[in-house]
Amino acid sequence: MSFSSKVNFKSNKGLEDVRNLIKTVGVPSITCSPVKSLQNGNWVKLICGASFEDVVDIRNLSLVYALAGVDCIDCAADVSVVNAVNEGIDAAIEILPLRRPWVMISVNDDEDLHFRKAEFDPEDCPLDCSKPCERVCPADAISLEAQNSTTQLPFDTNASGAFKGGVLTERCYGCGRCIPVCPYDKIRVTSYIREAATTSELLKRNDVDAVEIHTTGRQIAPFKELWDGLADSIKYLRLAAVSLPDIGEATVSSMKDMYSVMEPDLCCFNLWQLDGRPMSGDIGRGATRESIAFALRLAAIKDRPHGFLQLAGGTNAHTVDGLKKVGLFQTTSFHRNSRDETLTGTSSSVHAIIGGVAYGGYARKIVGRILSNMQSQHGIASMEDYPDHLLQALREALSIVGTAKSFPISNSS
């Protein structure tokens, strides 16, 4: 899906307010190359969602967060989704010529919470159901409406129709919150695995910079099979990331096994995404504790395999404060790796222990409210066509990106 904007980028007064906000906060002067951000410990990644495929929202989210200075935008390994991300970035650069964030696509080596969709037949739902699934869904991916049609039954009796609607597949990203609240146990999930061959072709595009492999870390065979399937395309990338949960004492040995598989083909930087409490950052303050605890434990292990560390899973507005409290925010240490030195062209070996933070559910939630409001008023639209909404969304995005980038957020309100 391609968007054509109606706005005049250079003369529109509303967009001038957007530019002024970006300049006042200091986004152009504070942002640097994504690699430098990782080394400095203020890398920020937007997670659109490995299964989130609403290209309208993805395009507008990418626009807003590119303007806010993120280093990377992570999305589903789908052609239309990748196109939407890049269209959003292009629109941001037309508004103000900022540094382009990297585009990352996510894949999985086995069944994974991030790669599943909820589904149910709305006609199976009793009409007196209070629809808790609809209320609890953070992605507005469930819509149920009663059909007004009637069915003629024997003896001249009428029965009212059933529900219509159900799960909006492109919006569901697999959080699973609807499953336990269904009073009739009608909701099931369908898991899937992205094909390595299709992903490999996507990685060869000049507008895709990185890949992230989601794994349980418990079995090396499926990881190796996927990596081998992608190996020929790794040379096109700037970053190869692995997202894994905390599996206790086995975590580091699993990381070492995976690194030994990756190392012969690595000609780019590598990163470990520490997935604390998956898809929960929008729930509340405490959701970030697991990711911080995961980071604290790994940071203390000196013989962990090479690669930047980045938090995810439960991350929100309180994550950076949590890192500061445990002494991990932008705390540096000595790391020596000849490949990284070749890639950067420098022999500097001091960089942050924690490279940065990825924000998913929370980042989408704070901007998504404004996207929903805009769409309710104007329908499907490019956000730059409605600068008042864009300005409001940008303020929200800066409030979270700025916690890591140290923007003077007070100036943005």
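Predicted model: local features only at pLDDT ≥ 70, side-chain atom pairs only at ≥ 80, totals over all residues.

Trainee: Which residue does Asp303 meet in a salt bridge?

Mentor: The side chain of Asp303 meets that of Lys256, with an N to O distance of 3.0 Å. Asp303 lies in the loop between α11 (289-299) and β13 (308-312), and Lys256 lies in helix α10 (residues 251-262), so the pair ties together parts that are 47 residues apart in sequence.

Trainee: And what is the relative accessibility of Lys256?

Mentor: It is 36%, so Lys256 counts as partly exposed.

Trainee: Why can such side chains pair at all?

Mentor: Side chains of opposite charge can pair when their charged atoms come close.

Trainee: How many salt bridges are there in the whole structure?

Mentor: A search finds 21 of them. One joins the side chains of Lys405 and Asp71, at 2.6 Å from N to O. This pair links distant parts of the chain, 334 residues apart: Lys405 is in helix α15 (residues 387-405), while Asp71 is in the loop between α4 (55-67) and β2 (72-76).

Trainee: Are Lys405 and Asp71 buried or exposed?

Mentor: Both Lys405 and Asp71 are buried.

Trainee: Which residue forms a salt bridge with Glu119?

Mentor: That residue is Arg188, and the closest N and O atoms are 3.2 Å apart. Arg188 belongs to strand β9 (residues 188-191) and Glu119 to strand β4 (residues 116-119), so this pair ties together parts 69 residues apart in sequence. Arg188 has 44% relative accessibility and therefore counts as partly exposed. Glu119 is also partly exposed, because its relative accessible area is 31%.

Trainee: Which residues are linked in a network of salt bridges?

Mentor: Lys45, Asp74 and Glu212 are linked in such a network.

Trainee: Let us move to the strands, then. How do β1 and β2 pair?

Mentor: Strand β1 (residues 43-47) and β2 pair in the parallel sense, over three bridges. They are part of a closed barrel of eight strands with parallel pairing, which runs β1-β2-β3-β10-β11-β12-β13-β16. Direction ignored, neighbouring strands of this sheet are turned by 25° against each other on average.

Trainee: Is Gly368 buried or exposed?

Mentor: Gly368 is buried, and other buried residues of α14 include Tyr362, Ile366 and Leu371.

Trainee: What covers the buried residues of α14?

Mentor: The cover includes β1, α4, β16 (356-359) and α15. Of these, β1 and β16 are also strands of the barrel, and α15 holds Lys405.

Trainee: Finally, which residue follows α14?

Mentor: Gly379 follows α14, and its phi is positive, near 80°.

Conventions. Residues numbered from 1 in each chain as written. Heavy atoms only, no water. Salt bridge = Lys/Arg side-chain N within 4 Å of Asp/Glu carboxyl O. Helix = DSSP H or I, 4+ residues; strand = E, 2+ residues; numbered from the N terminus. Buried < 20%, exposed > 50% of the residue type's maximum accessible area, 1.4 Å probe, protein only. Pairing = 2+ DSSP bridges. Axes fitted to C-alpha atoms, helices over the stretch in contact; angles between N-to-C directions. Contact = heavy atoms within 4.5 Å.
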